[in-house]
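Work through the exercises below with the sequence and the model at hand. Each task is followed by a solution in steps.

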Amino acid sequence: MKVFVARQAIFNRRKQVVAYELLFRDGTSNSFPNIADDAATAKLIMDNQLNLGTRYLTSGKKALINIGPDSLNQELAHFLPCQDVILELLETVSPTSENYEKVKGLFHQNYRLALDDFEYTKQWEPFLKLIRLIKFDIQQNSLEQIEELVCEFRQRKNMKLLAEKVETEAEFEQAKEMGFHFFQGYFFAKPRVIQQNDIEINHAIVLLIYAEVLKPHMNIDKIARFFAQDTALAYKLLRLINSGVFPLKKRIESLKQALVYLGDERVKKFVGLIMTAHIAEGKPTELTRLSIVRSRFCELIAKSLNPTIRSMSFLTGLFSLLDAILDRPMDQVVSRLPFPEELQDALMGKHNLLYYILNVVKAYESGSWWQLQEACSLLNINDQRLPEFHADAIRWADMYNETLY
């Protein structure tokens, strides 16, 4: 699998390269990808930081990485080594008190912080004590428009100014005269796309891991076995451990040791990162959420019927939409899963107890009273508890999505 990242140089006043901004791309065309900023950041971390690393891409110089609202909430920055990066808070991050606490936390963890496409309001004042670099888009606001603000900011200690989208020699000279420290734009160089090889991730295995971390008590042995079944995931995990984000006191000798070293919360966030970057790529997140609701709904029905199959019923619901998520026929998806025949048959639409349980869930979702009655009759169950099971499943899915993100 090929992965792509564009890097655009940051120059100082002597036109020397001092850093690079890294930008996710989905091909060699160097066009902006048709995905959200935060999904792009997640893919940038997964495909590059956890592949060859940012220092390889920047020749040892600092890397500017975009951080949007979701990336801030998901704490994606924690998967980046603070000594190698500058976190660029996008203009979509609002100057709220909640965001201030998150940004302050990053500051105290020694991350250097920048503001992108900055437009001043009083609400930003508390943030400015934590910010070391401010980027002004001089095409959006001309140098004449921001001259007074630039003059004021030049007086602030520990703050540097960067003029971006510098397109002509005249703009460079004018920005330099105004006191800007750094410069970025097509005048110097267009972003250069770097192509790397990456290992294809088995999305089905990712969902198995996701199902496990959703549980109140994670089974690290089981999660380690799942990681062991996917070379790409095992590699990403070990790259994370060895990326400089966490200080290592001794060598990691097994995948289980790596997971234990990370701890439950970091493992949850790491799996959340993988989900954000790769699973529902180009798909509505509602598909993934519905899968989680179905898994719990199926489990509760199975528990009332035959508790011994509740785990398999959970997985039946979880994987029931995998063909839609991956745009692949269900038989191709199922063939790559280490499932017992009974579970595979249910996903393929063959009539067995697991299939009938899933059929009840689908009928309930459709709101068709006739279909629901028929589905319940095949299991010989009463439909009176289904609203309770469904409400429980929604609460459960919401709770664990909040835990992950």
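A residue is called buried when its relative accessible area is under 20%, exposed when over 50%, and partly exposed in between (1.4 Å probe, protein chains only). Helices (H or I, at least four residues) and strands (E, at least two) are DSSP runs, numbered from the N terminus. The model is predicted, so local features need pLDDT of at least 70 and side-chain atom pairs count only at pLDDT 80 or more, while totals for chains, interfaces and linings use all residues. Residues are numbered from 1 along each chain as its sequence is written, and side-chain values use heavy atoms, with hydrogens and water left out.

**Exercise 1. The chain as a whole**

Task: State how many helices and strands the chain has, and what share of its residues is buried.

Solution. Step 1: the chain has 20 helices and nine strands. Step 2: of its 405 residues, 53% are buried. Step 3: contact means heavy atoms within 4.5 Å. Among contacts between residues at least 6 apart in sequence, 65% join residues at least 24 apart.

**Exercise 2. Confidence**

Task: Find which elements have the lowest and the highest mean pLDDT.

Solution. Step 1: pLDDT is the predictor's confidence in each residue, from 0 to 100. The chain averages 79, and 76% of the residues score at least 70. Step 2: among the elements, strand 9 (residues 192-197) has the lowest mean, 52, and helix 4 (residues 97-108) has the highest, 94. Step 3: over residues 25-35 the pLDDT stays under 50, and the model has 24 contacts beyond four places in sequence for this stretch.

**Exercise 3. Helix 8 and its surroundings**

Task: Determine how many residues of helix 8 (residues 203-213) are buried, and describe how helix 8 packs with helix 9.

Solution. Step 1: 11 of the 11 residues of helix 8 are buried, so the helix is largely enclosed by the rest of the structure. Among them are His203, Tyr210 and Glu212. Step 2: axes are lines fitted to C-alpha atoms, for helices over the stretch in contact, and angles run from 0 to 180 degrees between N-to-C directions. The axes of helix 8 and helix 9 lie 9 Å apart, at an angle of about 170 degrees. Step 3: this makes helix 8 roughly antiparallel to helix 9, given that angles under 35 degrees count as roughly parallel, over 145 as roughly antiparallel, 65 to 115 as roughly perpendicular and the rest as oblique. Step 4: helix 8 contributes Ile205, Leu208, Ile209, Glu212 and Val213 to the contact, and helix 9 contributes Lys222, Ile223, Phe226 and Phe227. Step 5: by class, the contact has seven nonpolar, no polar and two charged residues. Here Ala, Val, Leu, Ile, Met, Phe, Trp, Tyr, Cys and Pro count as nonpolar, Asp, Glu, Lys and Arg as charged, and the others, Gly among them, as polar.

**Exercise 4. Val271**

Task: Which residues is Val271 in contact with, leaving aside its neighbours within four places in sequence?

Solution. Step 1: Val271 belongs to helix 12 (residues 264-279) and is buried, with a relative accessible area of 1%. Step 2: its contacts, neighbours aside, are Ile209, Tyr210 and Val213, which are among the buried residues of helix 8. Step 3: Val206 is 65 residues from Val271 in sequence, yet the C-alpha to C-alpha distance is 7.8 Å.

**Exercise 5. Helix 9 against helix 11**

Task: Work out how helix 9 (residues 220-228) is oriented to helix 11 (residues 255-262).

Solution. Step 1: the two axes are 9 Å apart and the packing angle is about 125 degrees. Step 2: helix 9 is therefore oblique to helix 11. Step 3: the contact involves Ile220, Asp221, Ile223, Ala224, Phe227 and Ala228 of helix 9, with Leu255, Lys256, Leu259 and Val260 of helix 11. Step 4: eight of these residues are nonpolar, none polar and two charged.

**Exercise 6. Positive phi**

Task: Are Asn158 and Lys165 exposed or partly exposed?

Solution. Step 1: most residues other than glycine have a negative phi. Step 2: Asn158 has a positive phi, near 60 degrees, and lies in the loop between helix 6 and strand 7 (160-164). At 55% relative accessibility, Asn158 counts as exposed. Step 3: Lys165 also has a positive phi, near 65 degrees, and is found in the loop between strand 7 and helix 7. At 41%, Lys165 counts as partly exposed.
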